[in-house]
Amino acid sequence: MKTSFYQYSLSELEDLFLKNDLNSSGPQLLYGWHYRKKKKDPCIVDLSKDSQKFLSDHFYFDLPEVSKVHESNDKTVKFLFKLKDNKTVETVLIPFLDKYTICLSTQVGCGMNCSFCFTGTQGLTRNLSTDEIVGQFLEVFRWLKNARPTDSKILNVVFMGQGEPLHNFDAVKKACEIFLCKYGISLASLRITISTAGYLPGLKRWKDEMPGVNLALSLHSPFSEIRDKLIPINKRYPLSEVLDYIDTIPLKRKQFITYEYLIIKDLNDSTEDAHATGKLLKGKQALLNLIPFNPFPGSQYQRPEEEKVEQFKNILKSYNLPAMVRTTKGDDILAACGQLNTKESKLPSQNITRT
Ligand code: SAH
């Protein structure tokens, strides 16, 4: 049976070439071709005939298919990807000056069931494979190059789309290895951020296995009664245990743990919430990302008032914690944080002609 080329890290490909007595320069050439030059066509001139035959016998090069594209007024773009089994996931391209951050999905749906998240209402269908994760990047890159050739640089990768990345640890880890590989896409490790709801079984593998990328924790409340309500896995993996583990992760100079704090009107936006959060994180190598709640069809919560968000930020600053408010981008096309849901989003879209 054939497997996807995009499942293989460079070292796995090297092992495979070695086992099959193929020219050892092949894997690096292939990485240069498919990931650096981002070519789709599998034939490459410089590869030996044996290697080419091996590839066509054992690999396929298909990627998830872009089936819809929604472009927001603020230049945010949301892509609907159709997978081999006809399941769908969404990927978002977020503009920042003349460059972009790409927000990748890691699962079809999500099993964490957070009460404020549109994806959570969908339940978990399945994990994405490495090639389905890497494929989102490659296809979005190609779209960008075609549609916006003058500003086609993807600078950051964030695992903040649909799914809980640490619940799909192996595929996410390998996708990171592929993004980082210097013969291919060659992203710097500090350009990649993985966000978790605090899924401790996955998190506990971080120190030994994850290749130096940034970690973000969805905190949302310092109080367990509120966090239980927002992120149900908090009952099983309490915040104190999650924070204790995170404190043991070695960080590079200028590397931070990002703590995301979703601010919901009258639920976790008071001065008491802000002071308790400040006390909890004071002294840590932390960056606070404040996210005003983005509503979605049928959501039970409301967006906080701007003054409350500002007040929250200033209280955190008084604990010497750098805090930023994440501006909402793409909410007109349901592409903002927590608005991804492939079951129910029915927006007018442009059809894609594939090249
Ligand atoms: N499962 C991971 C990554 C996906 S969510 C996690 O929980 O971190 C990415 C970020 O968007 C998280 O911080 C999440 O809490 C936030 N988010 C989810 N729903 C949201 C909503 N409706 N409004 C604003 N942010 C939301």
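Which residues does Asp269 touch, not counting residues up to four places away in sequence? They are Ile263, Ile264, Pro304, Lys308 and Phe312, where contact means heavy atoms within 4.5 Å.

Welcome to this structure. This is a predicted model, in which local features need pLDDT of at least 70, side-chain atom pairs count only at pLDDT 80 or more, and totals for chains, interfaces and linings use all residues. Residues are numbered from 1 along each chain as its sequence is written, and side-chain values use heavy atoms, with hydrogens and water left out.

- Asp269 is found in the loop between β12 (257-263) and α10 (271-281); helices (H or I, at least four residues) and strands (E, at least two) are DSSP runs, numbered from the N terminus.
- With 4% relative accessibility, Asp269 counts as buried; that word means under 20% relative accessible area, while exposed is over 50% and partly exposed is in between (1.4 Å probe, protein chains only).
- A polar atom of the Asp269 side chain lies 3.1 Å from the backbone nitrogen of Asp266.
- Glu90, in strand β5 (residues 88-96), is buried too, with a relative accessible area of 2%.
- The side chains of Glu90 and Lys78 are joined by a polar contact of 3.3 Å. Such a contact is a pair of N or O atoms within 3.5 Å; within protein, one must be able to donate a hydrogen and the other to accept it, and residues adjacent in sequence count only if both atoms are side-chain atoms.

**Aromatic rings**

- Rings of Phe, Tyr and Trp (its six-membered ring) pair if their centres lie within 6.5 Å; planes under 30 degrees apart count as stacked, over 60 as edge-to-face and the rest as tilted.
- By this rule there are 19 aromatic pairs.
- One of them is the stacked pair of Phe5 and Tyr35, at 6.1 Å centre to centre and 25° between the planes.
- Phe5 lies in the loop between β1 (3-4) and α1 (10-19) and Tyr35 in helix α2 (residues 26-36), so this pair ties together parts that are 30 residues apart in sequence.
- Both Phe5 and Tyr35 are buried.
- The ring centres of Phe159 and Phe179 are 6.5 Å apart with the planes at 50°, so that pair is tilted.
- Because Phe159 lies in strand β9 (residues 153-159) and Phe179 in helix α5 (residues 169-180), the pair links parts 20 residues apart in sequence.
- One aromatic cluster includes Phe5, Tyr8, Tyr35 and Phe61.
- The charged end of Lys38 sits over the ring of Phe141, 4.3 Å from its centre; this requires NZ of Lys or CZ of Arg within 6 Å of the ring centre and within 35 degrees of the ring normal.

**Nonpolar cores**

- A nonpolar core is a set of buried Ala, Val, Leu, Ile, Met, Phe, Trp, Tyr and Cys residues joined through side-chain atoms within 4.5 Å.
- The largest nonpolar core has 107 residues, of which Leu93, Phe116, Phe159 and Phe179 touch the most other members.
- Apart from it lies another core of 6 residues, among them Cys103 and Leu340.

**Around the ligand**

- The ligand is surrounded by 19 residues, the closest being Phe116, Ser195, Ser218, His220 and Asn294; a residue is near a molecule if one of its heavy atoms lies within 4 Å of it.
- An N or O atom in the side chain of His220 is 2.6 Å from an oxygen atom of the ligand.
- A backbone N or O atom of Gly163 lies 3.1 Å from a nitrogen atom of the ligand.
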